[in-house]
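Subject: Structure handover

Hello,

Here is the structure I promised to pass on. Please open it and keep it in view while you read my notes.

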Amino acid sequence: MMNLKAKKTYFNKMNELCESKIPFFFICDFLCEHIEVIPLGKLSGENIFYSNPLFINVSEDKKVFDKKLEWKKFPISKEIYAEQFHKIKTEIQNGNTYLLNLTCATKVETNYSLEELFHAGNAKYKLLYKNQFVHFSPEPFVKIVDDKIYTYPMKGTIDANLQDAGKVILENEKELNEQFTIVDLLRNDLSIVAKNVHVDDFRYIEKIQTNQKNLLSVSSKISGELRDNFKNKIGDIFASLLPAGSICGAPKAKTVEIILDTETHQRALYTGVWGIFDGKDLDSCVIIRYLEKTENGFVFKSGGGITSQSDLETEYKEMMDKVYVPIY
């Protein structure tokens, strides 16, 4: 486990590179126990490949392979999921949390390598990290442009093929309350580093195409103006905001404690963040839709938010629906 002094060293390095306007890549795991900060000029040879709406370091964003993707998933049983689900429900009833993002690890078999998946996949954000994992995220975490900071919490996913899917998810009371909670949490988080924080867009729908089915997800957009003491202090900003609220819950500190006591797998880099600073602005994302190569084969990690209104069957299905790669 990284100690506080070591964490501070990495966040200070981000500050120094930002102040010197030196572009860099960074990655941080869920608990800020693994942090890397690498100037882009030294990234070659690190076996790290990325693509996001602003930055890309591969010559071809997408390749088509002449073999059909095979994809088999072996999720945990509903009984095992239910043990964790009901434990969280008890914590909610006891007032210790009111939104918790429960995640699980699912064994996956595929005929594609991580590198092939990375090149064939379509996503706003994708990362192939040292041949250890690949992820495809539709969810930005923080963007900084001209000293304005933006975040886009995503909560709520539904099968796009269901009748009136968009209307159903927007009118779902549980999903609405979950979005209220996470927007309030992220608004408060941004207020630590920014002033004049506003919710610019509340609950907009995006379509996600996958190898299995199309999904609709619901997000919101929040913005603020960086406080003077956080301008050119990217390290201080991320030290203040992590872990990302959308993948833990609220209240954040106690909810993280419950997550560590409940989940049956180690998140590690899953639900962490990575980003690129280009010398002026920054774009980053949450590491979700995550496939990891382990000694025992591929493992996909996914989950969803649990509240007092959550239904076991629905949450279990959402967790399994998110086990996909955006190849179509």
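Strands are DSSP runs of E, at least two residues long, and they are numbered from the N terminus. Keep in mind that this is a predicted model.

Start with Asp147. It sits in the loop that links β8 (140-145) to β9 (148-151). Set aside the neighbours within four places in sequence. Asp147 is then in contact with Gly224, Glu225, Leu226 and Lys231. Now look over at Val323. From C-alpha to C-alpha, Asp147 and Val323 are 36 Å apart in space. In sequence, 176 residues separate them.

**The cores**

Next, the nonpolar side chains. In soluble globular proteins, such side chains tend to be buried together. In this model, the largest nonpolar core has 75 residues. Which of them touch the most other members? They are Tyr81, Ile149, Phe238 and Trp274. Helix α5 (residues 173-193) gives this core its largest share, 6 residues. Take Phe238 as an example. Beyond its neighbours within four places in sequence, Phe238 is in contact with Phe11, Met14, Phe26, Phe141, Val142, Val273, Leu282 and Ser284. There is also a second, separate core of 18 residues. Leu69, Tyr112, Leu128 and Ile327 are among its members.

**Helix α2 and its partners**

Now find helix α2 (residues 78-93). It packs against helix α8 (residues 312-321) at an angle of about 115°. Their axes are 11 Å apart. The two helices are therefore roughly perpendicular to each other. The crossing of α2 past α8 is right-handed. On the α2 side, the contact uses Lys78, Tyr81, Ala82, Phe85 and His86. On the α8 side, Leu312, Glu313, Glu315, Tyr316 and Met319 meet them. The residues of this contact split into 6 nonpolar, 1 polar and 3 charged.

Helix α7 (residues 252-262) also packs with α2. Here the angle is about 150°, and the axes are 11 Å apart. So α2 is roughly antiparallel to α7. This crossing, too, is right-handed. Gln84, Lys87, Ile88 and Glu91 of α2 make the contact with Ile258, Asp261 and Thr262 of α7. These residues divide into 2 nonpolar, 2 polar and 3 charged.

Best wishes

Technical notes:
Residues are numbered from 1 along each chain as its sequence is written. This is a predicted model: local features need pLDDT of at least 70, side-chain atom pairs count only at pLDDT 80 or more; totals for chains, interfaces and linings use all residues. Side-chain values use heavy atoms; hydrogens and water are left out. Axes are lines fitted to C-alpha atoms, for helices over the stretch in contact, and angles run from 0 to 180 degrees between N-to-C directions. Helices (H or I, at least four residues) and strands (E, at least two) are DSSP runs, numbered from the N terminus. Angles under 35 degrees count as roughly parallel, over 145 as roughly antiparallel, 65 to 115 as roughly perpendicular and the rest as oblique. A crossing is left-handed if the near helix is turned anticlockwise from the far one by less than a right angle, and right-handed if clockwise. Contact means heavy atoms within 4.5 Å. Ala, Val, Leu, Ile, Met, Phe, Trp, Tyr, Cys and Pro count as nonpolar, Asp, Glu, Lys and Arg as charged, and the others, Gly among them, as polar. A nonpolar core is a set of buried Ala, Val, Leu, Ile, Met, Phe, Trp, Tyr and Cys residues joined through side-chain atoms within 4.5 Å. Buried means under 20% relative accessible area, exposed over 50%, partly exposed in between (1.4 Å probe, protein chains only).
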